Amino acid sequence: MKKYKQSGSTPDFTPRTAMEEAARCLLCYDAPCSKSCPAGTDPARFIRAIRFRNVKGAAAVIRENNILGACCANVCPCDQLCEEACSRSGLDRPIRIGQLQRYAAEAETVYGMKVLSPGSERGAKVACVGAGPASLSAAAELRKLGYDVTIYDANEKPGGYLTYGISKERLAQSVVDADISKVVELGVNFKMSTRVGTDVKLEDLRENYDAVFLGIGLWKANIPDIPGNQLPGVMSGIDFLRKSCETGDGVSAGKRIIVIGGGDVALDCASTALLAGAEKVAVWYRRSLREAPADQEELCSTVKLGVSITTDMAPVEIIGTDAVTGIRFRGRDGVSSAAVSCDTVIFATGQSADTMLCEKLELTEKGLVAAQDGRTSLPGVFAAGDVVHGGKTVAAAVGAGKQAAHMIHSFLTEREAR
Amino acid sequence: MAPKKDLSVEFLGTRCENPFFLSSSPVGADYDMIAKSFRLGWGGVVSKTIGIIVSDECSPRFATTGREGMPWLGLKNLDQISEKPTEYNFEQLFKLKRDFPEKIVVASIMGSNEKEWSQLAKMAEQAGVDFIEGNLSCPQMTVNGCGCDVGSNPEMVRSFTKVITSATKLPFIAKMTPNITDITLPAKAALEGGAAAISAINSIRCITNIDLEYNTALPVVAGKSAISGYSGAAIRPIALRFIQQLRSDPAIGKIPISGIGGIETWHDCVEFLLLGCRNLQVTTAVMQYGYRIVEDMIDGLKYYMQERGFDKLDDFIGLAHSNILSPDKLDRDYYLLPAFDPDKCIGCGRCYISCYDGGHQAISWDEAARRPVLHAERCVGCHLCMNVCPLNDVISPGEVRFKEGRSKHPVPCQHDYD
């Protein structure tokens, strides 16, 4: 079997090829790439730094703007964000921004740089619930502003979805750990294996901290309500990936696996299952490839691995008596149908919030935390990331976490002024 | 198949099948190399310089300038004259002339005193070569009184040339150094000494880069380095300038000139021919790409002649010479506004940045449309915008406007920007 290559098929940049790529950049005046980065990583600035031989400066730009800059560089669907916006597309093809970001981010490690330092202590304390992208980003930003920050998370290790949700082939744990080490270096406290809601009450946090940030993500799998969805052999994508991440080198799920979904989670599940030794892995998606939210490069490399993708077919029934033996699909056209034999069905069909931590917290119709400019219905409690916007990119969570941190900052400075 | 065109040209009373010669350097070091080049189409060779002394070379010998992923712009070398024995070198030239009688073989020689110059000239004549070129210009000789020590001293040029021209009946080409303020002084001295032609230019004394580890120039030779000759595409503009200056001097203008300096393509060749050169010499591009580059010089020159309706080289040799004036002779009555094509523009805004920061603030930026807007009343027609545009047909010469009080007249403008 071909080796699964991290993030697409092109080899990593060397100093020479990175310079070549950076020299392709038109150095646009209004930099649409930077405008389209939800994390505010400012690719235009770091590409220009590479172009003018300031690779350390490029690494610093990334770290200052995006505490998870290395993770984002590995998993961001750039082709739908910065690279899609790239002016060079009008000339030939966009700059490989994600890959340049990976190159520059690596320079930080290579040169042993310490980019960030905490702000002068303000004497105010903030609790961040969740140790995923949104919370890490908020925590780092708050530390830079001089707050005493403590992260609470139910898991053993920080990173949230980065650690427990994305396959290690696509995002090496060492990259996640390196990014998180920057948060640790800033002096953020971590209380791991501590679930807010059970181990510690949200009310207690509100009492003991000046503000609370909720960045708890979406950890409840959406499994469509179709016959047979309780059969052994049916599982959710996040559970599958989580197990795979925990065991380290993939978990053998079955021999013939059907993955339902069209996002990066579905692709992650498919490649993870194949690498764990499944005989046949097929992705079935209810819409078209064009509509699929998955990163196109990721899609290509998954297909190259040997995963087949069938589109415009939605599951209607899982077949089996004691265990899964197959699955039935109906076409989007209302005419087509298919019955496929398999022993495992993985649903990567979205997640929702597990918002049982406080009854008083107002939720939206979709079961997400209702928040306006980061402020929830509870005074002094802020929220951002997937739990508010419903599952976007790591970059979006980083951006939202950063914004929420500044909301918390103005909330606390206003309170101080009063 | 390129059109049939006669590329032959008369040089120093001898018909050359084409003007493309290898210049004196490692590319013409021995029989096998030169024979290979002849078979590929080179019309002649100026041999690696032969002296009585045998040079003692250092390692490494080269450094380059340029950008990652791009061909060298310039090459710095520490190479001196031939490392092989004198007799052996002349024997090689003898065999070449015997086996390739239709090709032109030029012996490049360098003496360190009058006796050596005379002896070498006689040996060259005995070897049966067509012409002799005197290396009066190597910028990195380790022996005093050689190379550009001579070439920058008109008195020495005159006396050594006299020695050579009295020792042989073969036409003598004096190779000029660019490491001098007024190149016409040594050129005139050479003519007074009896030289039949001038070749220009030899390499330019340079430091291409400073090594930040050893704090010396490149190449690093045991932790040290030296100033030495620069060649390649980067020096072509300087070579063209020297040739124009030589041709502009009434005492020199009629003398045949062999043009040297950064020639890579047929287009470069045409440039030297248009300034009035009757012969062209190439090394750096051959070191970079091999002898085969002559194939595209031959083809390209033929297509050029077909496009322009020329039958022979003499139809266009020297055509550009009289159109290059001193700056005070230029028409300063008008300015040429740039014309923008918004449909072809890709919205990078580089013209806006450069016009503001390096021009006359005549372009503003339409943020919504992502297009430049020209304010003709501020524009001086410098065309910096056109030069920074990454596309070649978005900005082109537009309206001709005359300065106040100047009379209107036809203004020919450049059209071909490829």
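Predicted model: local features only at pLDDT ≥ 70, side-chain atom pairs only at ≥ 80, totals over all residues.
**Entry 1**

I looked up the strand order first. The sheet of chain A is open and consists of 5 strands, arranged β6-β13-β7-β8-β9 with parallel pairing. I then asked which strands stand at the edges. They are β6 (234–236) and β9 (308–310) of chain A; each has a single partner strand, so one side of each has no neighbour in the sheet. From one strand to the next, the twist averages 25°.

I next examined one pair within this sheet. Strand β7 (residues 256–260) of chain A runs parallel to strand β8 (residues 280–284) of chain A, and 5 bridges join the two. For I258(A), I noted A282(A) in β8(A) as the bridge partner.

Helix α12 (residues 237–247) of chain A touches β6 and β13 (344–347) of chain A. The direction of α12 makes about 80° with that of β6(A).

**Entry 2. L412(A)**

I located L412(A) in helix α16 (residues 394–417) of chain A. Is this residue buried or exposed? L412(A) has a relative accessible area of 5%, which is under the 20% cut-off, and therefore counts as buried. Leaving out residues up to four places away in sequence, I found that L412(A) touches A124(A), V126(A), Y147(A), D210(A) and A211(A). I also checked L68(A), which is 344 residues from L412(A) along the chain; the C-alpha atoms of the two are separated by 25 Å.

**Entry 3. Q173(A)**

I placed Q173(A) in helix α10 (residues 173–185) of chain A. Q173(A) counts as buried because its relative accessibility is 14%. With residues up to four places away in sequence not counted, the residues touched by Q173(A) are K157(A), L162(A), T163(A) and K168(A).

**Entry 4. Helix α7 of chain B**

I turned to chain B and compared the span of one helix with expectation. Helix α7 (residues 236–248) of chain B has 13 residues and reaches 18 Å from its first C-alpha to its last, close to the 18 Å expected at 1.5 Å a residue. I listed A239(B), L240(B), F242(B), I243(B), Q244(B) and L246(B) as buried in α7(B). What do the buried residues of α7(B) pack against? I found α6 (184–192), β11 (197–200), β16 (257–260) and α8 (266–274) of chain B.

**Entry 5. Domains of chain B**

I noted the division of chain B into domain 1 (9–323) and domain 2 (331–402). The C-alpha centres of these domains of chain B lie 42 Å apart.

Conventions. Residues numbered from 1 in each chain as written. Chains lettered and ligands numbered in written order. Heavy atoms only, no water. Pairing = 2+ DSSP bridges. Helix = DSSP H or I, 4+ residues; strand = E, 2+ residues; numbered from the N terminus. Axes fitted to C-alpha atoms, helices over the stretch in contact; angles between N-to-C directions. Contact = heavy atoms within 4.5 Å. Buried < 20%, exposed > 50% of the residue type's maximum accessible area, 1.4 Å probe, protein only. Expected span 1.5 Å × (residues − 1). Domains from an automatic or database assignment.
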